[in-house]
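Dear colleague,

Please find the structure we discussed below. I would be grateful if you could read the notes that follow it with the model open.

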Amino acid sequence: MNPTMIAFNSADLVTLAPEIFLLGATCAILLIDLFLKPGQRHITHVLALLALAGTAGLLWQDADAPRVYAFNGMFIRDGVAGLLKLFIVLTTALVFLYSRSYMRERKLLVGEFYLLLLFATLGMMLLVSAGSLVTVYVGLELLTLSSYALVALNRESTLSSEAAIKYFVLGALASGMLLYGMSMLYGATGTLDLARINALADLSAAAPHRTLLAFGLVFLVVGIGFKLGAAPFHMWLPDVYHGAPTSITLFISSGSKLAAVGMAYRLLEGALGTMHTDWTTMLSVLAVLSLAVGNVIAIAQTNLKRMLAYSTISHIGFLLLGFINGTAAGIAAAVFYMICYALMATAAFGVMMLLARAGFEAEEIDDFKGLNRRNPWYAGMMAITMFSLAGIPPLFGFFAKLMVLKVVIDAGHLWLAIVAIIFAIIGLFYYLRVVKVMYFDPPADEAALALPADLPFRWALSLNALALVVMGVAWSPLLDWCNQALAASVPLPP
Amino acid sequence: MTFPLISFYVFAAITTLAALAVITVRSPVHAALCLVLTFFSAACTWLLADAEFLAIVLVLVYVGAVMVLFLFVVMMLDVDIDPLREGFIKALPVGLLVAVVMLVEMLTLIGVRALQLPAPGDPALAAGMSNTQWLAMALFSQYLLPFEIAALILTVAIVAAIPLTLRRRQGVRMQDPARQVRVQPGERLRIVKMVAEKPAPQPETSSP
C-alpha cells in the first residue's frame, strides 16, 4: 500500500469530536491549574467536571450512530464504543465527586490528580475505540501510565509506593505479553488492522499460520487476563487496591475495568472472532479459576479493600463467562455485567471514602462495626451495595448475574453455570459479613458520625447506591441498549 | 553465504551477548555500557535491513542521549549492588531452567520452519522513495492517530513526573535570593530596650 495515497480526511475529526474535546479541555485545565493557588483547587474540580460533562454530551449525541472508521481504520466509532465511553466518563466524574474531601484531607488534592485522571479517561476512550493493534497499545499505555502515577501519588506512604512498583512491574510484563502476541498476529497476517486480521485469520487448513496465530492468541489472552485481573494473573490486584489511595482504587476498579472489557472485545471478537473456539477454552479456565480464587480467598480477608479486590477477581470470572459464548448476546451480557459492577464498586468505595477522615482510612471491616447506630442512612447504602455485589434479588447485581448465566446455559455450558452459582453462594458469606458487622455488632464509638460537609459527594453517593435498587427494577432498557449496540457491531462468527 | 548475511550473524550475536551481559555483569556502570553496545549492534542490523533512519535515531537518541543520562545517574547514585543481587545466584538455576524449557516449548510449538514466512516486499522500494521519506509518509498519514497519542503519552510522563518527584523538603537550609533582596532593615535588626546593668546573680541554693 502506498501511503501517499492516503489523504487526510477532515471528516475524521468530527468522528473523534468527543476525544478531541476532552483533550482540548484537559490541556486548558493543565494551563489554568498552573495559575491557581492551592486553596483554589475547587476551580480545577469544577472545570474537570465540566470537561467530562461536555464529553458526555458529545458522546450522547451520536450514541446510536452506525459504525464509522476514522484515520485509516485506526479508530472505530460504534455502538459498543459509545456505550462504554459514556459509562467510563460517568465513573470518572464519580471519582472526582467522591474524592474531593478525601484527597484534600490527605493533602493529595493536587492539579495532577485531575489531569492524570482526565488523561487516563482519554486513554480509555481511545482504547475501546481502537481499530488497529497500534491504537490498542498506545491507548492502553496512555491509561496505564497515568494509573501508575496515580497509585504512587501518596509519596509519604510506603504501602502506596510498594503498590505502585508492583503495579508498574506487572503492568509492564502484561504489556510485553500483549506486544509479543501482537507481533505474532502481525507476523501471521501481515497487517495491524483488527478487521483485516479477522478476515485473514480464517485459515484453519493452512497449518503454519494457524499455529502462529494460536500462539499470538495465547499471549493476547494472557495480556488481557493481566489487565482485567483474572486469576491466575490477579496477583497485583489486592496489593494495588490496598496500597493506592481509596479514590484511585475506586478508579481502577470501575472505569479502568470497563476499558479492559472494551479492549478484550476489540481483540478477541474484533480481531480473532474467527478463532473463537480456540479462545473459549482458555477463557473458561480463567473464568473458573477467577471465581474460585476470588470468592474463597475473599473470605479470609479482614481488610475491606483487599476483600473487594478479591471480589473484583470473582466478578471478572463472571464477566469472562459472558465472553465464552462468543455471540452478540454473550458479549452484551458481559458488557452489561461490567457496567453493573462498575456502579457497585463506585458505591462501595464511595462509602469507604465517606467514612474516612484524616489519619483514618475506614478500610478494615471492623471500622464498619455498628455503623447502623451511628449513621443509619449510609449503613443502608452500604448494605444495598453489598447485597447487590452478592447478587441478591431484586437488586441490579442479581440481574447482571442472571443475564450472564442465561447466556452460558443457552450456549450449552451447564457445568460452568453450576460452578458459577456455587461460587456465588460461597461469596454471599463475605458480603453478608459486612452487613452483619454494620447492623449487629456494637460500635467501638457510640458518637454520631462526623461526615464531610461535601453535599455533592453525599448526594451523588446516595444516588449511586439507590440506582442499584432502581436498576434492579428498570434494568431492561440498559440491557436492550447493550444488545442493540453489540448486535450492530459484532461480526458474528458462523 | 554472502557478506551481508555473515555480518548480520555477527551483529546479531554481539547484540545477544551484550544484552546478556547487561543483566549479568556486577557493576551498574558496566551494565549501562553493555546496553550501549546492545543498542549499537541492533542499529547495525537495522542498517543491514535498509532501515537507515531508525538505525540513526537509535544511535542518536538512545546511545547519545538516554544512555549518557543513565550513566550519569548510575555514577552519581552510589548504589550498593550486593544486597540487590543476593538472591540472583540462588534463583539462577531455576530461572535458567524455566527460560530454557519455555524457549524449547515455543520453538517446537511454532516450528522454526513455520516462521519462515514470505517476507512482504519492501514498501519503500515499491513506492520508489527512500526509507526515511517512506517512514515519514507512513507516520504522518496512515499512522497519524497513534503518533499523536504517543505524543500524549509523553505529555502524561511529564505531568506524572511532577507530583512524583517535586518535593518541598522540610528543614532544608537554602537561600531564596528574591526574599534576600526584598528584605527590610526591620526584619533583620531588633532593638531591645533593657537596663544597662544586670542584677548580681543570686547565690545558688545547694540541693539536699
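The notes below begin with conventions and then turn to the two chains.

This is a predicted model, in which local features need pLDDT of at least 70 and side-chain atom pairs count only at pLDDT 80 or more, while totals for chains, interfaces and linings use all residues. Residues are numbered from 1 along each chain as its sequence is written, and chains are lettered from A and ligands numbered from 1 in the order in which they are written.

Chain B has ten helices and zero strands; helices (H or I, at least four residues) and strands (E, at least two) are DSSP runs, numbered from the N terminus. Of its 208 residues, 12% count as buried. A residue is buried if 20 or more other C-beta atoms lie within 10 Å of its own, exposed if 12 or fewer, and partly exposed in between, with C-beta atoms placed from the backbone. The domain assignment, which is automatic or from a database, divides chain B into domain 1 (1-79), domain 2 (81-119) and domain 3 (130-164). The centres of domain 1 and domain 3 of chain B, taken over C-alpha atoms, are 23 Å apart.

In chain A, helix H2 (residues 17-34) has 18 residues. The buried residues of H2(A) are Pro18(A), Glu19(A), Leu22(A), Leu23(A), Ala25(A), Thr26(A) and Ile29(A). They lie on the same side of H2(A), because they cover an arc of only 170 degrees around the axis, the arc being that of the directions from the helix axis to the C-beta atoms. The face turned away from that side carries the exposed residues Gly24(A), Ala28(A), Leu31(A) and Leu34(A). Cover for the buried residues of H2(A) includes helix H3 (41-61), helix H4 (79-105) and helix H5 (111-128) of chain A.

The contact between the chains takes 32 residues from chain A and 25 residues from chain B; two residues are in contact if their C-beta atoms, placed from the backbone, lie within 7 Å. On the side of chain A that touches chain B, the elements that give two or more residues are H5, helix H6 (133-151) and helix H9 (207-228) of chain A. H6(A) provides the largest share of that side, nine residues.

The largest nonpolar core has 204 residues, of which Leu116(A), Val335(A), Tyr337(A) and Val404(A) touch the most other members. Such a core is a set of buried Ala, Val, Leu, Ile, Met, Phe, Trp, Tyr and Cys residues joined through C-beta atoms within 7 Å. Helix H15 (residues 328-355) of chain A gives the most to this core, with 25 residues.

Yours sincerely

Terms used: Expected span 1.5 Å × (residues − 1).
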